[in-house]
Amino acid sequence: MDDLIPQIVSVKNVDTGPFFHLQQLYEFEFSPITKSQIDENGLYDYKSLQASWNNHSYDAHLFMYDKKPVGFCVVNLNSQINQDPDTKDIAEFFIMPNFRNKNFGEKLAHQIFDQYVGKWEVRQLIEAVQARKFWLKTINNYTKCNIEENIEEDKNGCFYVQRFSNKKI
Ligand SMILES: CC(C)(COP(=O)(O)OP(=O)(O)OC[C@H]1O[C@@H](n2cnc3c(N)ncnc32)[C@H](O)[C@@H]1OP(=O)(O)O)[C@@H](O)C(=O)NCCC(=O)NCCS
């Protein structure tokens, strides 16, 4: 199985189906940090989950392996920090636990970066230590360590942001 890499498939329907289900798992994963609670049906509030990106232009992608979804990614098509339309941003990125630590996340992130040439910002909540570790190794390998990292703050709190460009000079 390690020889194959999941395929990236564009998704239009984010309100039902596999994207919806995997996004619930993503929220579960971060709930110790975000303190999100499920409702009486056992679901996280997907409208508030998606509010961080669906008020803007975005692309949603599923990662498919052996015809099953094993992860997903949402790319914001403008900066979430200063709205720059030439800057892309990773809104959400998720790999199912049984498919982790096989370098799939890094390879898929590199393929996603390749699809959008220009400036990039990748952000993590300050508490998301493992996510930051993943993004630092993934972006450093992609850019040959040509990356800028800062701690910034918005109304939701402090976050790390890594900036880089894959524009050919
Ligand atoms: C972060 C994530 C996408 C990494 O996917 P992956 O396919 O395992 O990534 P890779 O195999 O390319 O890299 C694994 C590295 O990611 C890091 N990592 C981050 N979260 C991890 C987790 N929950 N379990 C294992 N490794 C994790 C580790 O540092 C690991 O590096 P190491 O082997 O040196 O310890 C995946 O763990 C995940 O979906 N986590 C939950 C959601 C999340 O944190 N998303 C990123 C923020 S948007």
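The UniProt record, an unreviewed entry, places a feature called "domain: N-acetyltransferase" at residues 46-122. What we have on screen is a predicted model, so please keep that in mind as I go through it.

Start with that annotated stretch. Over residues 46-122 the chain is 22% helix and 39% strand.

Now the ligand. Where does the ligand sit? It is in the largest pocket. How many residues surround the ligand? There are 19, and the closest are F93, I95, N101, N103 and G105.

At F93, a backbone N or O atom lies 2.7 Å from a nitrogen atom of the ligand. At N103, a backbone N or O atom is 2.8 Å from an oxygen atom of the ligand. At G105, a polar backbone atom is 2.8 Å from an oxygen atom of the ligand. As for cover, the ligand taken alone exposes 850 Å², and the protein buries 79% of that.

Next, which elements supply the shell around the ligand? At least two residues each come from α1, at 17-34, β4, at 87-95, α3, at 104-115, and α4, at 129-143. Of these, α4 gives the most, with 6 residues.

Last, the make-up of that shell. Its residues divide into 9 nonpolar, 4 polar and 6 charged.

Definitions and conventions. Residues are numbered from 1 along each chain as its sequence is written. This is a predicted model: local features need pLDDT of at least 70, side-chain atom pairs count only at pLDDT 80 or more; totals for chains, interfaces and linings use all residues. Side-chain values use heavy atoms; hydrogens and water are left out. UniProt positions are given in the numbering used here, feature names are shortened, and annotations may be inferred rather than shown by experiment. Helices (H or I, at least four residues) and strands (E, at least two) are DSSP runs, numbered from the N terminus. A residue is near a molecule or strand if one of its heavy atoms lies within 4 Å of it. A polar contact is a pair of N or O atoms within 3.5 Å; within protein, one must be able to donate a hydrogen and the other to accept it, and residues adjacent in sequence count only if both atoms are side-chain atoms. Accessible areas come from the Shrake-Rupley method with a 1.4 Å probe; for residues, only the protein chains shown count as cover. On a 1 Å grid over the protein atoms alone, a cavity is a set of points where a 1.4 Å probe fits but cannot get out, and a pocket is an open set with protein on both sides within 12 Å along at least five of seven lines; lining residues have an atom within 4 Å of a point. A molecule sits in a cavity or pocket if more than half of its atoms lie within 2 Å of its grid points. Ala, Val, Leu, Ile, Met, Phe, Trp, Tyr, Cys and Pro count as nonpolar, Asp, Glu, Lys and Arg as charged, and the others, Gly among them, as polar.
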